[in-house]
Amino acid sequence: MRYDLPDGLTVTSDGPVRTVVIDRPDELNAVNADVHRALAQVWRQMAADREARAVVLTGAGRAFSAGGDLDWITSFLDDPVAREESIREGAEIIEEMLRFPLPVIAAVNGAATGLGASLAVLCDVVLMSDRAYLADPHVAVGLVAGDGGAAFWPLLTPILRTREYLYTGDRIDAATAVAVGLASRVVAADELRAEARELAVRLAAQPPEALRGTKRIVNMYLSQALGGPMQAGFAAEVVTMRSPEHRERLLALRQRARAR
């Protein structure tokens, strides 16, 4: 099957396994407008791929995804239309991932921050390189973590084990991520891709209807968040996107990033 996606996201086929790569390695796979749109579209296209049975999601180069591209996010400060579109599309990404019928394995090869962390934990199995980490820095840049940890982490982890990370934006190393329930297991960096593919092949060989039905039932628990915390979270995040604190912190962050 031919995939028709914007630049920055690639899909390769290997028998019944599809590997989705966030492919902006020079920008640590930061999500810009094209990648964001591709992440909203790719799940329906893969669901229509009759030969696909399992998916691996990973990043090119040394990062999984550094979250939102700072230049793209900064454009929202003075462009409310683009801001609203990003929120609508962000909700679509989450809904499509939860609705997607095939098993998805995250091969977290490096930094997974912000949206990158959300993409990882929404997968069915999260394999983390021993060099990788998760982080949700929404609060640190003056935003409610509405499309990230605030909505989903309480369903996956003991709240008291992760609330400090959510409030501070501190990094969660791979071993800690497994210990608190945000990842499945730690894998040596040089074995991550092979381990993810091996598991994908194994899942692809399972009886498809039994596996899809089991995933659908398990994801009902996460889907409940769409009707409550997720809607409230997006609304609260939009409010903080307009705040002076967010503008000040985001511009300072972008300036520091450009100075490196």
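Helix α1 (residues 33-47) and helix α3 (residues 80-99) have axes that come within 8 Å of each other and cross at roughly 35°, where axes are lines fitted to C-alpha atoms over the stretch in contact and angles run from 0 to 180 degrees between N-to-C directions. The model is predicted, and local features need pLDDT of at least 70, side-chain atom pairs count only at pLDDT 80 or more, while totals for chains, interfaces and linings use all residues. Residues are numbered from 1 along each chain as its sequence is written, and side-chain values use heavy atoms, with hydrogens and water left out.

**The α1–α3 crossing**

- The crossing of α1 and α3 is left-handed, a term for a near helix turned anticlockwise from the far one by less than a right angle; helices are DSSP runs of H or I with at least four residues, and strands are runs of E with at least two, numbered from the N terminus.
- On the α1 side the contact (heavy atoms within 4.5 Å) is made by Ala33, His36, Arg37, Leu39, Ala40, Trp43 and Arg44, and on the α3 side by Ser86, Glu89, Gly90, Glu92, Ile93, Glu96 and Met97.
- By class, this contact of α1 with α3 has six nonpolar, three polar and five charged residues, with Ala, Val, Leu, Ile, Met, Phe, Trp, Tyr, Cys and Pro counted as nonpolar, Asp, Glu, Lys and Arg as charged, and the others, Gly among them, as polar.

**Aromatic pairs**

- The whole structure holds two aromatic pairs, defined by ring centres within 6.5 Å, the six-membered ring being used for Trp, with planes under 30 degrees apart called stacked, over 60 edge-to-face and the rest tilted.
- One of them joins Trp43 and Phe100 edge-to-face, at 5.3 Å centre to centre and 65° between the planes.
- Because Trp43 lies in helix α1 and Phe100 in the loop between α3 and β5 (104-108), this pair ties together parts that are 57 residues apart in sequence.

**Cavities**

- A search of the whole structure finds three cavities of 30 Å³ or more, a cavity being a set of points on a 1 Å grid over the protein atoms alone where a 1.4 Å probe fits but cannot get out, with lining residues having an atom within 4 Å of a point.
- The largest cavity holds about 50 Å³ of space, a volume being the space filled by probe spheres set on grid points that are joined across faces, edges and corners.
- α9 (208-227) and α8 (192-204) each supply at least two residues of its lining, and α9 gives the most, with three.
- The second largest cavity, of about 40 Å³, is lined by Ile73, Phe76, Leu77, Arg83, Leu143, Met241 and His246.

How values were computed:
On a 1 Å grid over the protein atoms alone, a cavity is a set of points where a 1.4 Å probe fits but cannot get out, and a pocket is an open set with protein on both sides within 12 Å along at least five of seven lines; lining residues have an atom within 4 Å of a point.
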